[in-house]
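Me: Please take a close look at one part of this protein for me. I would like to understand its disulfides and what surrounds the chain there.

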Amino acid sequence: MFKKTMLFVVALVLSFSLFLPSAFATPPVTPSKATSQSQLNGLTVKSEGAMTGYSRDKFPHWISQGGGCDTRQGVLKRDADSYSGNCPVTSGSWYSYYDGVTFTDPSDLDIDHIVPLAEAWRSGASSWTTAQREAFANDLSGSQLIAVSASSNRSKGDQDPSTWQPPRAGAKCGYAKWWISTKSKWNLSLQSSEKTALQGMLNSCVY
């Protein structure tokens, strides 16, 4: 009986896998729910700072990553199911995590800063050096960069999770974890409404 049950479970999982993309475009670091909760609890809650003096140029981004690749091309290669060309990537297959759409043309994709540059500025980056802001804007080692549809990235703009969340329901848990992880890594603050929204998203996580 147990063997038959296990065979049924395996068959069910395989049947679901036929309807899922073979690869998800996601950052390399996704903490556990417990780790994210601990990080969220440790963040400083305060009112956001002003946008005075802000410019995207103060966050030099898409810098060289070696081998003729810049940060954008590095993320496109990392997040692709498959791709052709090598800096520039000319075609491939990407599953946009935010809205569940698959793309084959890299020009249809944006590289999203999970925590937008303007949001970082309001949350503490205004006091950083240019070198610190450059490192933040090109952080390939953490949870800060992801290849997504241009439309979803542009609808997000510089909003935090209290006013914008991924339209695909299944993306909210991961998005919350990445947002929290990035703010924790870079010692950025968050406002009360942002924390409330993140807690709600985190509560939806299974693990």
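Reply: What follows goes through the disulfides one by one and then turns to the nonpolar cores.

Keep in mind that this is a predicted model. A disulfide is a covalent bond between the sulfur atoms of two cysteines. How many are there? A search of the whole structure finds two disulfides. Count the bonded cysteines along the chain, and the pattern reads 1-2, 3-4.

Start with Cys69 and Cys87. Their sulfur atoms lie 1.8 Å apart. The link of Cys69 and Cys87 is right-handed, with 85° about the S-S bond. This pair joins distant parts of the chain, 18 residues apart. Cys69 sits in strand β2 (residues 69–70). Cys87 sits in the loop between β3 (82–84) and β4 (91–96). Are these two cysteines buried or exposed? Buried means under 20% relative accessible area. Cys69 has 10% relative accessibility, so Cys69 counts as buried. Cys87 has 17%, so Cys87 counts as buried too.

Now move to Cys173 and Cys205. Here the sulfur atoms are 2.0 Å apart. The link of Cys173 and Cys205 is right-handed, with 120° about the S-S bond. Again, distant parts of the chain are linked. Cys173 belongs to helix α7, while Cys205 lies in the segment after α8. The two are 32 residues apart. Cys173 counts as buried because its relative accessibility is 17%. Cys205 has a relative accessible area of 4%, so Cys205 is buried.

Next, the cores. The largest nonpolar core has 31 residues. Which of them touch the most other members? They are Phe59, Tyr98 and Phe136. Several elements give two or more residues to this core: α4 (117–122), α5 (130–137), β7 (145–149), α7 (172–185) and α8 (192–203). Helix α7 gives the most, with six residues. Recall that α7 is also the helix that holds Cys173.

To recap, the two disulfides pair Cys69 with Cys87 and Cys173 with Cys205.

Technical notes:
Residues are numbered from 1 along each chain as its sequence is written. This is a predicted model: local features need pLDDT of at least 70, side-chain atom pairs count only at pLDDT 80 or more; totals for chains, interfaces and linings use all residues. Side-chain values use heavy atoms; hydrogens and water are left out. A nonpolar core is a set of buried Ala, Val, Leu, Ile, Met, Phe, Trp, Tyr and Cys residues joined through side-chain atoms within 4.5 Å. Buried means under 20% relative accessible area, exposed over 50%, partly exposed in between (1.4 Å probe, protein chains only). Helices (H or I, at least four residues) and strands (E, at least two) are DSSP runs, numbered from the N terminus. A disulfide is a pair of cysteine sulfur atoms within 2.5 Å.
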